[in-house]
Amino acid sequence: MKNKILLIDADADFLDVTKKLFETQGYDVLTALNGQVGFARAKTESPDLIITEMILGYENEGAELAKAIAADAAVRNIPVVMVTSADKIKSFPHDIVPNEKDLPVKMVIKKPVSAEQLLDVAVKFIEKTGKKHRTLVGGIDTIANKWKGKKGNLIMVLHEIQNTYGYVPRDVAFELSRALDVPLTRIYEVITFYNYFKLEPPGKHIISVCMGTACYLKGNPIVLDELKHVLNIEESQTTKDGMFHLQIVRCLGCCGLAPVLMVDQKIYGKVKKSDITSILSEYTNKEKGVKDAINV
Ligand code: FES
């Protein structure tokens, strides 16, 4: 399951571009245009992080929201990041919430805020606090119990883990070893034997190059070489910036379009070496467009 971020801001455009930014990074994003709706969504959806503007319907509405969150046991542990203009920071939070240590507000960021700042916030308050695997660690016993005692159970459980996270995180492999009472070495034997299983997070965009017979004969080895060259990675690797993961597959079921490659779920047929740069730029430009919109 994805990590969830709740964005609260009266500026619908800011909400829209920020939502897209986080979605490109694999987060689930909820939005609210005011503190009241935001608080209700926090209660029903239990996000992993709340990012809110201080000035919403009225000047200190964001601070009032923080106060309401601090007073509610169901949501008070959710970290809150306040995004606001510089002159408001001076008076916040001391005059709004006297008991500062109880505040869920972990950070105040001055506007304009950059895409990098926002993404760093998510990493800092969700991923580095170990919440990234919260659901999986909590659910591993359920998955393990479902398959316990059944033939081939280890592979089935690993499939569920990989389908959920896109790879098999190390801490989850440890949990699995305990839950299934299988040595960790056995788990890693299986993971490394099958190409399907990954030990590293996959890139944001998965490039699947077909090496089925039709695509192989029509020139996909050349296309694959070009991809490796441009991305500076080998097959089954992810680019340093985490943008692309390159993998080989056997027949994508559209041999009439050979040679074929697929990026995420989009098929590209009759691909030539010279098409690679423009195909990749579709994805890098999309990312850049979202970041530029945030940075404005
Ligand atoms: S061989 Fe490539 S799509 Fe079938």
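This report walks through a predicted model, from the whole chain down to a sheet, some helices and one glycine.

## Ground rules

Being a predicted model, it is read with limits: local features need pLDDT of at least 70, side-chain atom pairs count only at pLDDT 80 or more, and totals for chains, interfaces and linings use all residues. Residues are numbered from 1 along each chain as its sequence is written, and side-chain values use heavy atoms, with hydrogens and water left out.

## The whole chain

The protein chain has 12 helices and nine strands. These are DSSP runs numbered from the N terminus: H or I over at least four residues for helices, E over at least two for strands. Of its 296 residues, 45% count as buried (under 20% relative accessible area; exposed is over 50% and partly exposed is in between, with a 1.4 Å probe and protein chains only).

Contacts here mean heavy atoms within 4.5 Å. Take those between residues at least 6 apart in sequence, and 66% of them join residues at least 24 apart.

## The five-stranded sheet

Five strands make an open, parallel sheet in the order β2-β1-β3-β4-β5. Strands count as paired if DSSP finds at least two bridges between them. β2 (28–32) and β5 (105–110) sit at the edges with a single partner strand each, so one side of each has no neighbour in the sheet. From one strand to the next, the twist averages 20°. As for angles, they run from 0 to 180 degrees between N-to-C directions, and axes are lines fitted to C-alpha atoms, for helices over the stretch in contact.

At one end of that order, five bridges tie β1 (residues 4–8) to β2, and I5 has V29 in β2 as its bridge partner. Helix α2 (residues 35–45) lies across β1, β2 and β3 (49–53), and runs at about 170° to β1.

## Strand β4

β4 (residues 80–84) is largely enclosed by the rest of the structure, because five of its five residues are buried. V80, M82 and T84 point one way, while V81 and V83 point the other.

Its pairing is parallel on both sides: four bridges join it to β3, and five join it to β5.

## Helices α7, α8 and α9

α7 (153–165) and α8 (170–180) pack at an angle of about 145°, with their axes 12 Å apart. On the α7 side the contact uses N153, L154, V157, L158 and I161; on the α8 side, V172, L176 and L180. That set divides into seven nonpolar, one polar and no charged (Ala, Val, Leu, Ile, Met, Phe, Trp, Tyr, Cys and Pro count as nonpolar, Asp, Glu, Lys and Arg as charged, and the others, Gly among them, as polar).

Helix α9 (residues 184–193) has I187, Y188, V190 and I191 as its buried residues. They cover an arc of only 160° around the axis, which puts them on the same side of α9 (the arc is taken from the directions from the helix axis to the C-beta atoms). These buried residues pack against α7 and α8, whereas the face turned away from them carries the exposed T185, T192 and F193.

## G212

G212 sits in the loop between β6 (205–210) and α10 (213–217). G212 is buried, with a relative accessible area of 11%. Leaving aside residues up to four places away in sequence, G212 touches V249, R250 and C251. G212 and V249 are 37 residues apart along the chain, and their C-alpha atoms are separated by 7.4 Å.
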